[in-house]
Amino acid sequence: MNLRIGLVMIALVLAVSGTASTAQTTAQRLPDAITADSKHYKVEFENDIVRVLRVRLDAGDSTPRHAHSAYCAIEISDSSLKEGDGPTSESKAGEVFCGNATSHSPKNVGKALAESIVVEFKNRQNAR
């Protein structure tokens, strides 16, 4: 299992591009997850390539708006998250998904703890 997760993480690192976007520019103006909400976001690991966050939102909890760099998320538990008046996003434990830099303020609208690992990719040009 650990080998499989390791291979997935290596593949994800290789797949992420360093292309800047409007979303990145907007996201860079907001505080990062740790600065905005250290109650729900904890740094598990960090180096010059990635920062790994553990996210734990109890039922009914929400976070202030914050930014993430390009990322991949691994769901630890089933979750039901909602952004403002938008649709509820349902995820299952074990799902992995990736995205470009973004900002959000999720609310756990489920009945149980929503937990995930988020791997944020650092700008490799600045890491050298």
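Glu-46 is partly exposed, with a relative accessible area of 44%. Partly exposed denotes the range between buried, under 20% relative accessible area, and exposed, over 50% (1.4 Å probe, protein chains only). The partner of Glu-46 is Lys-122, and the two form a salt bridge whose closest N and O atoms are 2.8 Å apart. A salt bridge here is a side-chain nitrogen of Lys or Arg within 4 Å of a carboxyl oxygen of Asp or Glu. Glu-46 lies in strand 1 and Lys-122 in the loop between strand 10 and helix 4 (124–127), so the pair ties together parts that are 76 residues apart in sequence. Lys-122 is also partly exposed, at a relative accessible area of 30%.

The model is predicted; local features need pLDDT of at least 70, side-chain atom pairs count only at pLDDT 80 or more, and totals for chains, interfaces and linings use all residues. Residues are numbered from 1 along each chain as its sequence is written, and side-chain values use heavy atoms, with hydrogens and water left out.

The protein has 4 helices and 10 strands. Both kinds of element are DSSP runs numbered from the N terminus: helices are H or I with at least four residues, strands are E with at least two. Along the sequence the pattern reads α-α-α-β-β-β-β-β-β-β-β-β-β-α. Of the 128 residues in the protein, 32% are buried. Contacts were also examined by sequence separation, a contact being heavy atoms within 4.5 Å. Among contacts with a separation of 6 or more, 70% come from residues 24 or more positions apart. The accessible surface comes to about 7,900 Å², and carbon and sulfur atoms hold 54% of that surface. Areas were computed by the Shrake-Rupley method with a 1.4 Å probe; for residues, only the protein chains shown count as cover.

Five strands form an open sheet in the order 1-2-10-4-7, with antiparallel pairing. Strands count as paired if DSSP finds at least two bridges between them. Strand 1 (41–46) and strand 7 (96–99) stand at the edges; each has a single partner strand, so one side of each is left without a neighbour in the sheet. From one strand to the next, the twist averages 20°. The angles run from 0 to 180 degrees between N-to-C directions, and the axes are lines fitted to C-alpha atoms, for helices over the stretch in contact.

Strand 2 (residues 50–57) pairs with strand 1 in the antiparallel sense over 5 bridges. A hairpin of 3 residues joins the two strands. Within this pairing, Val-43 stands opposite Leu-53 of strand 2. Strand 2 also pairs with strand 10 (residues 114–121), again antiparallel, over 8 bridges. There, Arg-56 stands opposite Glu-115 of strand 10. Strand 2 is largely enclosed by the rest of the structure, because 6 of its 8 residues are buried. In a regular strand the side chains alternate between the two faces of the sheet.

The structure holds 7 salt bridges. Side chains of opposite charge can pair when their charged atoms come close. In one of the salt bridges, the side chains of Arg-51 and Asp-32 meet at 2.9 Å, N to O. Arg-51 lies in strand 2 and Asp-32 in the loop between helix 2 (22–28) and helix 3 (33–36), so the pair ties together parts 19 residues apart in sequence. Arg-51 counts as buried at 10% relative accessibility, whereas Asp-32 is partly exposed at 24%.

Arg-54 forms a salt bridge with Glu-44, with the closest N and O atoms 3.1 Å apart. This pair links strand 2, which holds Arg-54, to strand 1, which holds Glu-44, across 10 residues. Arg-54 is partly exposed at 28% relative accessibility. Glu-44 is partly exposed as well, with a relative accessible area of 45%. Through salt bridges that share partners, Glu-44, Arg-54, Arg-56 and Glu-115 join into one network.

A search of the whole structure finds 1 aromatic pair. Tyr-71 and Phe-97 form this edge-to-face pair, at 6.5 Å centre to centre and 90° between the planes. Rings of Phe, Tyr and Trp (its six-membered ring) pair if their centres lie within 6.5 Å; planes under 30 degrees apart count as stacked, over 60 as edge-to-face and the rest as tilted. Tyr-71 sits in strand 4 (residues 71–75) and Phe-97 in strand 7, 26 residues apart. Tyr-71 counts as buried at 17% relative accessibility, whereas Phe-97 is partly exposed at 35%.
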